[in-house]
Structure formats: C-alpha cells, structure tokens
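Please read the following note alongside the sequence and the structure.

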Amino acid sequence: MKRSPVVALTAAVCCLAVPVAASAATTSVLAGPGLKRAPAGVPKDGDLNQFFPKAVKIHVGDKVSWTIAGFHVVQFPKAGSAPPALAVPDPSRPTTGVNDAAGQPFWFNGQGTPVVPQGVALGLPGRTYDGSAPVGSGLPLGKPKPFVVKFTKAGTFTYFCTIHPGMKATVTVVPKSKPAESAKAVKAAFARQLATGLSQLKQLDRKKITAANTIEAGPDSPSGATLYRYSPSSLTTRVGTPVTLTMTPGTTEDHTFTFSRNVKADGRAAENELLAPLGNSTPPVFAFSPKWAYPSEAPGSTVSYDGTNHGNGFLNSGVLDGDSKTPFPQKFTVSFSKPGTYTFFCAIHPFMVGKITATS
C-alpha cells in the first residue's frame, strides 16, 4: 500500500488554530498538529502524535468532529476498557510460503498473519457514543472524511489512536445545566499545546545519544513529540562488537531496523507491501506483511551480519516499539562478522535511513 510519510505536516503554519466551532453544538479536534511545514527552528523531520486539543468539554447531545491530519485513527473503546491492538497474529491465517532470497523459508512460516481487527481497520458502526459500545474512525486510507460523534451521556471518555501507542485524549460530557468550554477556550488550548509540542521538538533535536554502540530511532518523547530519524544516523564500531538498535522508552511510534544492500528498492517494496488487504474478501481484511512485521531471525537467536544474510543481505528487527504493554520488543542487537559499511532503513517509514561501519 502506498503510504504518505506520516511526518508530512498538512496545513499552513499561519493557521495554528484549528476551526473549533463548526456550529454551536460541534467542537473540532485535529488528529495530528495540522502544520504544512515546520516553523523556524523546528526540525523538518519532526511531528507530534497528539490530538489537538487533548481534552475538550462539551454538553450532552453535542458533537465532536475529528479531522485526520496524518496517519491516525480515532478509537473509543467501551468505557473502562483498553483500546484494541493494532494487529493480532491470527492462527487461522498462518503465514505460508515466505522464503528468503536463498530459497529458505523464514522461521515465521506457520505463525499467525498479523491481522488488523475489523473495528480498527474499517471503523465501527454508530455515530453516537455513551460508553456502552465502541466506535472508531477506521484507518485513514485515501483522503479521510471528518469523523463525527454525538455524545449522549455525561461522563469523561478516553479515546486512542491505536496506530500510535500512548496517543490518547479525553472528551468530558456535562449536562446542559453545567458550563462547557467555549470555542475561544478550545482554540486557546490548541495553541498552548502546539507551542509546547514545538518546543519539545526543538529540545529533541539537540539531544545526543551518548550510549556506546547504540542507535536510537528518534529520539522521541512519551508526549508524542517524535523525530523521524536514526540517532546517530552513522555509527562506526568494531567487528564482533554488539550494537544495540533501540526505540525511545515510552515513544508513541513503531519502527524497524531493516538491513539491505539496496535500501531504495527494498524501501519501495516495504511501502507497497507493509499493510494491505488479504485476498479478495468482502469486507476486506487488512493485515501486515509477515516479512516486514516479524523479525527475520527466530526469537532468541544471536544475530550476526556480514551483508550476505538470507542470500541478499536482508536482516530485519521486526516491529519495535517503546510500550511495555505490547508484545513488540523495544530493542534489537546485532554484531558484524567482517569489515564493511552496512545500510538499514525503517520498513514502516522508508525515508528513515542509517548506516553502520564495522572496522577490524
């Protein structure tokens, strides 16, 4: 599937305030910051995985309209429940026939294909919410329409972006006899949150990774401020020395460290194959490609790389994140068995590229 880089910022910088009152009974929220380009001093590869503003207060019977300004979803689980996972290995759809360039089957053949739950992929029916049943926008495939929900019961409801772990916000619904937020107050909250987020991106841009033989995807902040880069992007180490490839603890992002002799070609392949419907089922069932989602080496393996792995120099960490509640690991360790310069990229965000030079 063709996927636009999620770092693309999508509305003019001058329009810092999202429209907050389409009518007296509708409050507008952005999923993503909605900026076309980074303001002066803000890194161009930065983004904010946040809902803007992250908390609104409305009356019973009012609506909230979400504009999807990035690769995000809006997911309200049943009140008090955890959000659904982005993908779950489905044992009824085992991975089959995925071989490497040398013709050998990858270890994950037989493992369940990572399927996106239908409620996450396609959205959930119903455009009213009282906490008794989930509602969701579905994946933003193509140009998504605003997602509008009417709230019919008082309470404070937490919602999530299941694509980005930890990205969440709240809608507080009060009786009509109590005051809700004015459009002016919502607009001011958006501006304050955006200013804080842009400041965090500037701080992350100055952060240095000091741990020896370590490359971090990011760095990021648990608040949702994220840099789409590897830090450092170039590392020199010694043959046989373990190198730690890691996520920022608490990051809202997912990345891979995928080694390749041709990062451009493999990056295009990952972009096309990573997330796609399975077969011709109706309604469609979306799944992540096992080749890119699973690690190329069996769990527990000691990983060594020399540029010829799997017949074409392929080596993949599989999906990593910074959330201890998910089954994905946070780090991947590799050593190099002979001198050389080895390139890698992120199969989720192929524009992220780095290299490691191993010396004798």
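**Note on the predicted model**

1. Helix α2 covers residues 183-206, and its 24 residues, at 1.5 Å a residue, should span 34 Å; the C-alpha atoms at its ends are 36 Å apart, which agrees. The expected span is 1.5 Å times one less than the number of residues. Helices (H or I, at least four residues) and strands (E, at least two) are DSSP runs, numbered from the N terminus.

2. This is a predicted model, in which local features need pLDDT of at least 70, side-chain atom pairs count only at pLDDT 80 or more, and totals for chains, interfaces and linings use all residues. Residues are numbered from 1 along each chain as its sequence is written, and side-chain values use heavy atoms, with hydrogens and water left out. The mean pLDDT (the predictor's confidence in each residue, from 0 to 100) is 91, and 93% of the residues reach 70 or more. Over residues 1-23, however, pLDDT stays under 50.

3. Which residues of α2 are buried? They are V186, A189, F190, Q193, L194, G197, L198, L201 and L204. Buried means under 20% relative accessible area, exposed over 50%, and partly exposed in between (1.4 Å probe, protein chains only). An α-helix has 3.6 residues a turn, so residues three or four places apart point the same way. The buried residues of α2 pack, by contacts (heavy atoms within 4.5 Å), against strands including β1 (26-31) and β15 (225-227).

4. Strands pair if DSSP finds at least two bridges between them. Strand β17 (residues 234-238) runs parallel to β28, with five bridges, and T237 has A358 as its bridge partner. Strand β27 (residues 340-345) runs antiparallel to β28, with six bridges; here F345 is partnered by V353.

5. The whole structure contains 28 aromatic pairs. One of them, F76 with Y129, is tilted, at 4.9 Å centre to centre and 45 degrees between the planes. Rings of Phe, Tyr and Trp (its six-membered ring) pair if their centres lie within 6.5 Å; planes under 30 degrees apart count as stacked, over 60 as edge-to-face and the rest as tilted. Because F76 lies in strand β6 (residues 75-76) and Y129 in strand β9 (residues 128-129), the pair ties together parts 53 residues apart in sequence. F76 is buried, at 0% relative accessible area, and Y129 is buried at 2%.
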